[in-house]
Amino acid sequence: MAEITIRKRPRTEAVITQRKFFKKTARGKVIKVLRERYLRDDVACGIHSCGLCAHDADVLLPSPGSLEHASYKNGHFVLPDTNIFLSQMDLMESPLFNPPIILLQTVLEEVRHRSLPLYNRLKGLVKADDKKIWIFYNEYRSETAVIREEGESPNDRNDRGIRKATAWYNSHISLSRPPIRGQSHPPLPTVVLLTDDVANRQKGEREGLTCVSVRKYIEGMKEASKLSDLLAAAGSDGLEPTQAASVRQALYPEYLPTATLLAGIKSGRLHQGHFNANQYNYLEGNVSVSAFEKPILLIGREHMNRAVQGDIVAVEVFDEKDWKAPADEVVDQEATLKNDDAEDSEEEGGDDEALAERKVLQTELTKQLASSKQPTGRIVGIIKRNWRSYVCHIDSTSLTSTNPTSLSQQTVFATPVSRLLPRIRLRTRQAPALIGQKILVTIDRWERTSRYPEGHFVRALGKAQSKEAEQESLLLEFDVPYRPFGKAILDCLPSEGDSWVVPPKSSTDLNWRDREDLRDLIICSIDPPGCQDIDDALHARRLPNGNIEAGVHIADVSHFVLPDTPMDHEAAARGTTVYLVDKRIDMLPALLGTNLCSLRPHVERLAFSVIWELSPAAEIVNVRFTKSVIASKSAFTYEEAQIRKDDPKLSDELTESIRLLNDLARKLKAGRMAAGALNLASPEVKIHLDSSESSDPVDVEQKELRETNSLVEEFMLLANISVAGKIQETFPQTAVLRRHLPPPRTNFEKLQDILKKRKGMGLDVSTSGALAASLDECVDPTEPAFNTLVRIMATRCMLSAEYFCSGSVARDTFGHYGLASPIYTHFTSPIRRYADVLAHRQLAAAIGYTPLHASLHSKSHVERVLEVVNKRHRMAQMASRASVEFYVGLALKARSEKETVIEDAFVIRTFRNGLGVFVSRLGLEGLVTFKREIQFDADNYTITIPSDGGDVTVSVFDKVRVRIDVEQDKNTQRGRVVMSLSHPVDSRGM
């Protein structure tokens, strides 16, 4: 029998191997946590050909390190500390920065604790094919593990651990390459500690380590001038100050300490919310908070206090006597600050730009109506920054030298594409070469002494107005993930690839387990032209008892996308497919989206079916849910299905099925409308491209909606409502649902006032049913498009619908206001929406097909996922709209080169110096501005324009004719639509 020896760990080792800390629970109880740490002496160094370590990994650091740096001729490895990854991630990600990197476990964990987005980028960096990065688990190697000493801060403990690991690596390299007898000791590569922490650098140098700042390090690299532009301002030690730095004065109030902010929010003295900039007036913003019906108004730079669009801020509200009304004038940043100097923009003093801003604000304050005042305040602190990389272009007027061969560093303005963002100051040696290009810029800091935030150049996207650069800039602008799917994701796809088919029916085949065979049903799909990702199909047939069976069959995406796999994680991160005019950014790899999951005609496909028995009056008798196998008999466009339905000569099963579905859909819609559902409108246009190969737009027209559009919509709504009820009943705490909250009545106040004063019409917003009835009555017999315009304006008063976890909100807030449904979810588009994939998993568990994955039993997990999905959904909508606007601009530019473009438009807003107009045929909104003084009646929403033939009065809802030109936009560098009145008065030159 083998002898067993039991060895106890010596007490002296306990200090090293045990980690003790205290944490506070959600209920406020403090508990001690003790974690055992097992130390080893076989944690590998990751360097190729090391004789002391056993390696079984594919990615190893080259034996000599990097030989390309001017300061380290014998080779070197880079060991960055935590702050390098927190502040210089753009540099680390650059393909120009490629030394072999040792990433310590200490650094990795600290980045994870400090910033989850940066941690995710760091994980992506480790996996990148063009990087050589080794993760060294220094906390588990006996020679490099450190314990926090008494009185030592966690940060100092981590810094000491990083220095100790650097020293160990240098020692380890020396031991692994002993001198050969009779030969001189070979030159050894150096492990360089990369840190911008001056104190850490000094301690390292005293300990005999090679330590260097980021700026100093890149000075010795081949592409030093390009790499220096990537440096974040926070890491710019030794940077030359600007001319005004020595005499800077504070332009903004100091932020309150974090503890004071949180205490103020808790007590109700301060309010927390998202900062929203005003697209018409850069000197104004607002913050919506639950304590007030109207948003808190912020007037002037000082009160907006360095907030950037989307920041979560803390706001102090002034006494009611100091409340103000929003401005009614268009104030353009470019025009007001056209002479501002990037190098000298820290000083306010009495400069022209500051005086111009004060003049604008004073003018506005003297013209305000007491009735339109709203809560007004100032930002006293930032809870969470929303900073990211922004698409910009270099303002050519801010350059001090335009010599293309000049490599001198210049401070210039980068103007973001979005008008909601301030100009960004950055220092670059490439300024002349970047003129006329779209570039990516990251904000690093915004000091009290600087009128503008400071940032750094990330990369160039390409020539402005080139389709490739515009498309990429649009995706970046709206934070749309568009990277190709990686190997780990593609490995999750069926190994058969395109040749995968539903296997023959068999009781032993897992694909057929608990699935209904619906291949003989007359099923078809109805979609827009050119649709490749067909995720829904329908059928209807009469039953012997006189009722009707109707079914919605949805692609069974969850069969292929399994929980907690790389493909699932990627789909969750993308959230949705993004549709641009000439491109689609898929949520799932094309093999699934356009092939294996797409319900193509005459091909057997796996589906998830919702099948109802309906009375002839379209009342639900019963509903069942089942996994199925279907074979669609045809794929129609909306137009083809409409023609088939209306053709009296056709009476085949498929045509009768469409007619039956259409008859039911009409009754379902009538039922919804009677229950108070809203029939809203949004401006949708169709872009005609030159050819399938070309992406040049030739014309724009309004989308035509047919009866078959409504047919599909009604059955998708019915399926979503039925599924919502089932999953909420089974999983009351974690069901993935979608809601649309009733809008605050104050949102409609302005529209109600305009309708009353301009048209003598009322708008009852007490319930969705009352609003629907009111909208039906907003009719102008002389102008058929008026009702659609009012519906578009009413839609803009609504809140956005959102996904939510059923256990996270009160049951009485589940309802969908627009659909007048007490419960709703998204189930019908799993190819393009991740929320639908989650609903599929929950429904499969609800019918006992498969157990629910543990993550969907966790309320906190579902909340986190849906937070991302909601954000991606909003961004995708904005990206789609921006893509349409870009192509409308291109089409109008081509048209304006041949003829003068004049279109009918409705006035939707009046300003002190202009009009907001809506061109319905193009789905286009624009501004008509006047340089001359005009009379503005804010109370009655009219302006009076002086002209040679007498004064002309124009009001909201008036129909006018506008001349449309396309010129280069200073912000976006794209073709910008510029409008002027053609009738009732020619406003050119006004």
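# Strands, buried side chains and a helix contact

Visitor: In β36, which residue is the bridge partner of Thr 942?

Guide: This is a predicted model: local features need pLDDT of at least 70, side-chain atom pairs count only at pLDDT 80 or more, and totals for chains, interfaces and linings use all residues. Residues are numbered from 1 along each chain as its sequence is written, and side-chain values use heavy atoms, with hydrogens and water left out. Four bridges join strand β35 (residues 942-945) to β36, and the two run antiparallel. In β36, Thr 942 has as its bridge partner Ser 955.

Visitor: How many helices and strands does the chain have?

Guide: Both are DSSP runs numbered from the N terminus: helices are H or I of at least four residues, strands E of at least two. The count comes to 26 helices and 38 strands.

Visitor: How many residues of β20 are buried?

Guide: Buried means under 20% relative accessible area, exposed over 50%, and partly exposed in between (1.4 Å probe, protein chains only). Across the chain's 990 residues, 51% are buried. Strand β20 (residues 536-542) is mostly covered, and of its seven residues the buried ones number five.

Visitor: In the hairpin of β20 and β21, which residue takes a positive phi?

Guide: Seven bridges join β20 to strand β21 (residues 548-555), antiparallel. Asp 536 has Ile 554 as its partner in β21. Five residues lie between the strands, and the positive phi, near 95 degrees, belongs to Gly 546.

Visitor: With which side chains does Arg 739 make polar contacts, at 2.9 Å and at 3.0 Å?

Guide: A polar contact is a pair of N or O atoms within 3.5 Å; within protein, one must be able to donate a hydrogen and the other to accept it, and residues adjacent in sequence count only if both atoms are side-chain atoms. At 2.9 Å, the partner of Arg 739 is Glu 802. At 3.0 Å, it is Thr 813.

Visitor: Which backbone nitrogen does the side chain of Gln 842 reach?

Guide: Gln 842 lies in helix α25 (residues 834-846). Its relative accessibility is 0%, so Gln 842 counts as buried. Beyond four places in sequence, its contacts (heavy atoms within 4.5 Å) include Ile 727, Phe 731 and Leu 852. At 3.0 Å, its side chain reaches the backbone nitrogen of Val 736.

Visitor: At what angle do helices α19 and α21 pack?

Guide: Axes are lines fitted to C-alpha atoms, for helices over the stretch in contact, and angles run from 0 to 180 degrees between N-to-C directions. The axes of α19 (residues 638-646) and α21 (residues 707-730) lie 8 Å apart, at an angle of about 105 degrees.

Visitor: Is α19 roughly parallel or roughly perpendicular to α21?

Guide: Under 35 degrees counts as roughly parallel, over 145 as roughly antiparallel, 65 to 115 as roughly perpendicular and the rest as oblique. The angle is about 105 degrees, so α19 against α21 is roughly perpendicular.

Notes:
Pairing = 2+ DSSP bridges.
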